[in-house]
Amino acid sequence: MRSDAPRAPLGLKIAALGGLLFLHLPILLIFLYAFTTEERTYQFPPPGLTTQWFGVAWGREDIWPPLWLSLRVAAISTVLAMILGTLIAGAMARARFFGRDQLSLLVILPIALPGVITGMSLRSAFGVMDIPFSTWTIVLGHATFCIVIVYNNAVARLRRLSGGIMEASADLGANAFQTFRHILLPNLGSALLAGGMLAFALSFDEVIVTTFTAGQQSTLPIWMYNELIRPRQRPVTNVVAIVVFAATFLPILAAYYLTRGGSDTAGAGK
Amino acid sequence: MTAAVEFLNVSRHFGAVKAVDGVDLTIAEGSFFAMLGPSGSGKTTCLRLISGFEQPTGGAIRIFGEDVSTTPPHLRAVNTVFQDYALFPHLNVRDNVAYGLMVKGMARAPRYAKAEEMLALVHLEGYGDRKPAQLSGGQRQRVALARALVNEPRVLLLDEPLGALDLKLREAMQDELKALQVKLGLTFVFVTHDQHEALSMADSLAVFNEGKIAQIGTPQEIYDRPASRFVADFVGSSNVLPPALTQALGGPARWSSLRPETVRLAVTGPVSGPVTALRYLGAATRVVIRVAETEVAALVPAGQPLPAEGETRSIAFDPSALHLMEGA
């Protein structure tokens, strides 16, 4: 089959390769500079290679609070999004009511809205309501788009699920909880897990909404941004970048494989 | 004997739509009861009222004498074979069949033993480890049947269970279902839009039209003495004769029905017309004659002389075969 496909012209191949390199080489450079011996400038090629920065990064006290904050925010927003997103999806899949489509649009709007708008509006809302900045204000900001991810995944799976199996379960004597546990959850599980992982990854490296809702606190991405401006122990930032990369890329990869079987939405947008 | 299912003036209205409108019916215990009607006639809604997935907006439903108006589906002693089978895609066949026992809290070993027993009953021994997606349509149908029967329901509801099967499989399953019903002595309530299926399987049947029961009775009663034009039209390929024609044939000025197999062709007679169509059916040939704007079909048994298309023939029949119906 493959040999029958028309061959792409050479120019197109070079352009495609160039595009991919342009997109992905900078990531490799980030990895490379985590091992450089030069700590003030990013000169190319690196004068020497070392793994000492991993040790230095481990010893730096100022890395740990942002890392914990990021993990905490991502974990809480994900759990919140999984609960609320699933509930909204369940309601949307089951009920037909006035304004359903409009409500559905409102639910997915945060992901279409620019982060600055979400951030500004939340910041002014917190200001109006006299809510001090805390972990929870960041969580609220992140939950707005995390819910969408979970919702999209759950709704896609529910739509594929035959509604009859819930009725069949009740008909066979299962109460609502048993139907949820034995029928709905196993069929929804991988979609929820995928949605949760994506939500975690998105929350973990979010910068724009976070800057508006964090106050004086730094999440890991904000800490990295501030660190780049200061010229000391620069490769430490790259070491942290590798950590962020692993923390976000692996869940996204897992989510992709979990939902690959069907026509499910995994990212759908962001 | 208490009736298995009783409807007392039951209605189910969806806003202005009267899906079920003032239905009274009694289903005897141990009988095979068919609900027949075109789509949208209310037969499936009636079934869902019995299973509890619909609530009546008026009237009362009794199952074995007990009013079930406030009983949720999972507490009713009825089980359903769904139209699209609704098998659980993530469970294998054995777990699908054992599901009803599992949610009741039966331990694994006895419920699997029971499931195997049910699979044997529907001739699916050895299929326990397969997933529903690995089965053919007919096999899924049997799994759905086994899954519903494992709970030992007192009433089994079947919602057009054979609709998705091809003709041959369908006829085999009709025989099997009927045999199973007799063997288990259960009450079967069977919804279908296929008149042959209803007539051949049911002990009694209700013909639905626009949310109301048009006629209720044994297959023979309904076939021989349709109460209305609708029933005559829908149930069989009967001739429906308008009042004028009935009168011309020697009856009163009322609508009547006349079975094609009772009609004989004659060369002369009071009512005649041209032969407009001939359809060979194997054991007989269906001959259609146009008399006074009405098409009248006659079944001519194989071996008897047939008229050619366009020839004029008159119709004759035993006066007792003419069945008068209600309504104008």
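Mentor: Start with a cut-off: a salt bridge needs a side-chain nitrogen of Lys or Arg within 4 Å of a carboxyl oxygen of Asp or Glu. Keep in mind that this model is predicted.

Trainee: Why is the pair A:Glu167 and B:Arg48 called a salt bridge?

Mentor: The closest N and O atoms of A:Glu167 and B:Arg48 are 2.8 Å apart. The limit is 4 Å, so the pair qualifies. The count between chain A and chain B is one salt bridge.

Trainee: Which elements of chain A give two or more residues to the side that touches chain B?

Mentor: Helix 7 (164–171) and helix 8 (176–204) of chain A do. Helix 7 gives the largest share, seven residues.

Trainee: What makes up that side by residue class?

Mentor: Seven residues are nonpolar, nine are polar and two are charged.

Trainee: How much area do chain A and chain B bury between them?

Mentor: About 1,700 Å², with 60% of it on carbon and sulfur atoms. A:Glu167, A:Asp171 and A:Leu172 supply 43% of the area that chain A buries against chain B, more than any other three residues.

Trainee: Now to chain A itself. What makes A:Pro66 in helix 3 and A:Trp223 in helix 10 part of a helix contact?

Mentor: Contact requires heavy atoms within 4.5 Å. A:Pro66, A:Leu67 and A:Ser70 of helix 3 meet A:Leu220, A:Pro221 and A:Trp223 of helix 10.

Conventions. Residues numbered from 1 in each chain as written. Chains lettered and ligands numbered in written order. Predicted model: local features only at pLDDT ≥ 70, side-chain atom pairs only at ≥ 80, totals over all residues. Heavy atoms only, no water. Buried area = accessible area lost by both parts, 1.4 Å probe. Helix = DSSP H or I, 4+ residues; strand = E, 2+ residues; numbered from the N terminus. Nonpolar A, V, L, I, M, F, W, Y, C, P; charged D, E, K, R; others polar.
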